[in-house]
Structures are given as structure tokens and as C-alpha cells.
Amino acid sequence: MARQILYTKKYARGLETAPVVRADETGAAVGKHLHWNWKFQNDLLTYVYQSESRGQKAIDSKFPKGLPNSTLVTDRHQSYFKMMLRIIKSVWIISSGMQSI
């Protein structure tokens, strides 16, 4: 378990210095409860974790200082807009592909 935590922290720290990070969250049933799978990634790293929260608490638990060196590419979920970021770039997914806002 200690080795897993070490790798987890290493991946999160690798994303903190990345110039571009993509993020998304999706619901997941865990028993009778709704949890959230969070994904932050760049071209080299993918960091996935699960939380009972879909709010800022879930992001802050892994990225308490935000991603101040990163441009974050994400959907328009409000919690991403509360992060410390260099720039945020939102996209809408439509049937014909992704469209920047």
C-alpha cells in the first residue's frame, strides 16, 4: 500500500508542473451510493481517483494548491473554475466532435 501511495503522489506532482492538463469526472455506482471517478491527464500521465464528492473538496484532496502552472482543458463543471490555474479552457462535447469555447 505504501508503494501505491508513493506512485499516486508522484503522478499528482507530475501533473502539477505540466503545461497542459485535461480533466473530467463521471458518476459511478458503488453499492447503492453515487461516487465520482475523477481523471486528470496529460500526454505522459493519467491520474484517476474516486471520491464521494463531485465538488471542490474532491479536487482539493489531491491538488490542494491547484495547477498553477497549467492550462486546464475541461468541461464546464463549476468546481474546475475554483482551482488555482494559469488558464482554463472549456470545451463542449457535441455529436460532431469537440468544440472550444
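At 47% relative accessibility, Arg-86 counts as partly exposed, a class that lies between buried (under 20% relative accessible area) and exposed (over 50%), with a 1.4 Å probe and protein chains only. This is a predicted model, where local features need pLDDT of at least 70, side-chain atom pairs count only at pLDDT 80 or more, and totals for chains, interfaces and linings use all residues. Residues are numbered from 1 along each chain as its sequence is written, and side-chain values use heavy atoms, without hydrogens and water.

Arg-86 belongs to strand E5 (residues 85–94); strands are DSSP runs of at least two residues, numbered from the N terminus. Pro-19 is 67 residues away in sequence, yet 8.9 Å away in space, C-alpha to C-alpha.

Now to the rings. The structure holds seven aromatic pairs, meaning Phe, Tyr or Trp rings (for Trp the six-membered one) with centres within 6.5 Å; planes under 30 degrees apart count as stacked, over 60 as edge-to-face and the rest as tilted. Here are two stacked ones:

| Pair | Centre to centre | Angle between planes |
|---|---|---|
| Trp-38 and Tyr-49 | 6.4 Å | 10° |
| Phe-40 and Tyr-49 | 6.3 Å | 5° |

Trp-38 in strand E2 and Tyr-49 in strand E3 (residues 46–51) are eleven residues apart. Phe-40 is buried because its relative accessibility is 0%, and Tyr-49 is buried at 8%. Ring pairs join Trp-38, Phe-40, Tyr-47, Tyr-49, Phe-63 and Tyr-80 into a cluster.

Conventions. Helix = DSSP H or I, 4+ residues; strand = E, 2+ residues; numbered from the N terminus.
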